[in-house]
Amino acid sequence: MIRIIIAEDQRMLRGALGSLLDLEDDIEVVGQAANGEEALSLIDQLLPDICLIDIEMPIKSGLEVAEKLHTLKSACRVVILTTFARPGYFERAVKAGVHGYLLKDGPSEDLAEAIRNVMKGKCEIAPALIFETIQETNPLKPREREIIKLVAEGKSIREISKSLFLSPGTVRNYLSEIFGKLHAKNRMEAIKIAEEKGWI
C-alpha cells in the first residue's frame, strides 16, 4: 500500500483529491494538511511514502517543504502539484530533489499512475512545465536574487547593506543591474516580475 499525505490549502480540492486517491486499491491517504508547516509535522509523525503538495501555500510553500525534506534526507518522496508553469519554481523544485512536478488539472487516473511510477523510482514531470522552463531561465545571479528578495521583504538599502556586509553604493549597483536584467523601471516592478516568474 502506498501511503500518502496531501498538502493543499484549498479545502475542497484537498478533499476531492483525497477521495479520488482513496478509490485506488493500492493507495491510502493517511493525512491531510492545509499548509507547509502542517505537512512537515504530519510527515514527521506518519512517515508516508509520498507527500502530494501544492506549490503555493501559507506559512511554508510546497517548495520550502521540499527543500527542507531534501536537507533532512527524508525518505518521503515529494510530488508537487501546481497550476503555475513558472520557470523559477521548476528550477527550485529540481534542486530540491522532487520526484514529481505535475499540473493540478490532469486526470486523477494519470495522477494515480504518476504516484505508482514515483514509487518505482521514476521521476514524473508534466511536459508543459518543462516546455515553459526551457523557454526562460533566471537571469539573476544568487547575490542579486538575495538582494531583490530582501527588497521584497521591505528592507531599506541601509538594512540590506548591513545584513549582507556590503556598502550602500554596492547594493545600489546590484539594484540597477537587477532592474536592467528584468527590464524593470523601479523596485516594485522588479519585485513583481521576479515573483511572477518564480525567481524569488
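E8 is buried in this predicted model, with a relative accessible area of 3%, where buried denotes under 20% relative accessible area, exposed over 50%, and partly exposed the range in between (1.4 Å probe, protein chains only). The residue lies in the loop between strand 1 (2–7) and helix 1 (11–22); helices (H or I, at least four residues) and strands (E, at least two) are DSSP runs, numbered from the N terminus. Residues are numbered from 1 along each chain as its sequence is written. As the model is predicted, local features need pLDDT of at least 70 and side-chain atom pairs count only at pLDDT 80 or more, whereas totals for chains, interfaces and linings use all residues, and side-chain values use heavy atoms, with hydrogens and water left out.

The side chain of E8 forms a salt bridge with K104, the closest N and O atoms being 3.0 Å apart; a salt bridge is a side-chain nitrogen of Lys or Arg within 4 Å of a carboxyl oxygen of Asp or Glu. K104 is located in the loop between strand 5 (100–103) and helix 5 (108–119), so that the pair links distant parts of the chain, 96 residues apart. In contrast to the buried E8, K104 is partly exposed at 22% relative accessibility. A polar atom of the E8 side chain also lies 2.9 Å from the backbone nitrogen of Q10. Beyond its neighbours within four places in sequence, E8 is in contact (heavy atoms within 4.5 Å) with L13, R14, A33, A34, D54, M57 and K104.

By the same rule, the count comes to 11 salt bridges. One of them joins the side chains of K60 and E37 at 3.9 Å, N to O. Because K60 lies in the loop between strand 3 and helix 3 and E37 in helix 2, this pair ties together parts that are 23 residues apart in sequence. K60 is partly exposed, with a relative accessible area of 24%, and E37 is likewise partly exposed, at 38%. A further salt bridge, of 3.3 Å from N to O, is formed by R116 and E113. Both residues belong to helix 5 and are 3 residues apart, about one turn of the helix. R116 is buried at 19%, whereas E113 is partly exposed at 36% relative accessibility. E24, D26, E113 and R116 are linked in a network of salt bridges.

Helix 2 and helix 3 (residues 62–71) pack at an angle of about 30 degrees, with their axes 9 Å apart; axes are lines fitted to C-alpha atoms, for helices over the stretch in contact, and angles run from 0 to 180 degrees between N-to-C directions. The contact is made by G36, L40 and I43 of helix 2 and by V65, K68 and L69 of helix 3.

Two residues other than glycine display a positive phi. Most residues other than glycine have a negative phi. L47, with a phi of about 45 degrees, is found in the loop between helix 2 (36–46) and strand 3 (50–54) and is exposed, with a relative accessible area of 62%. H183, with a phi of about 55 degrees, occupies the loop between helix 9 (168–182) and helix 10 (187–196) and is exposed at 69% relative accessibility.

Conventions. A polar contact is a pair of N or O atoms within 3.5 Å; within protein, one must be able to donate a hydrogen and the other to accept it, and residues adjacent in sequence count only if both atoms are side-chain atoms.
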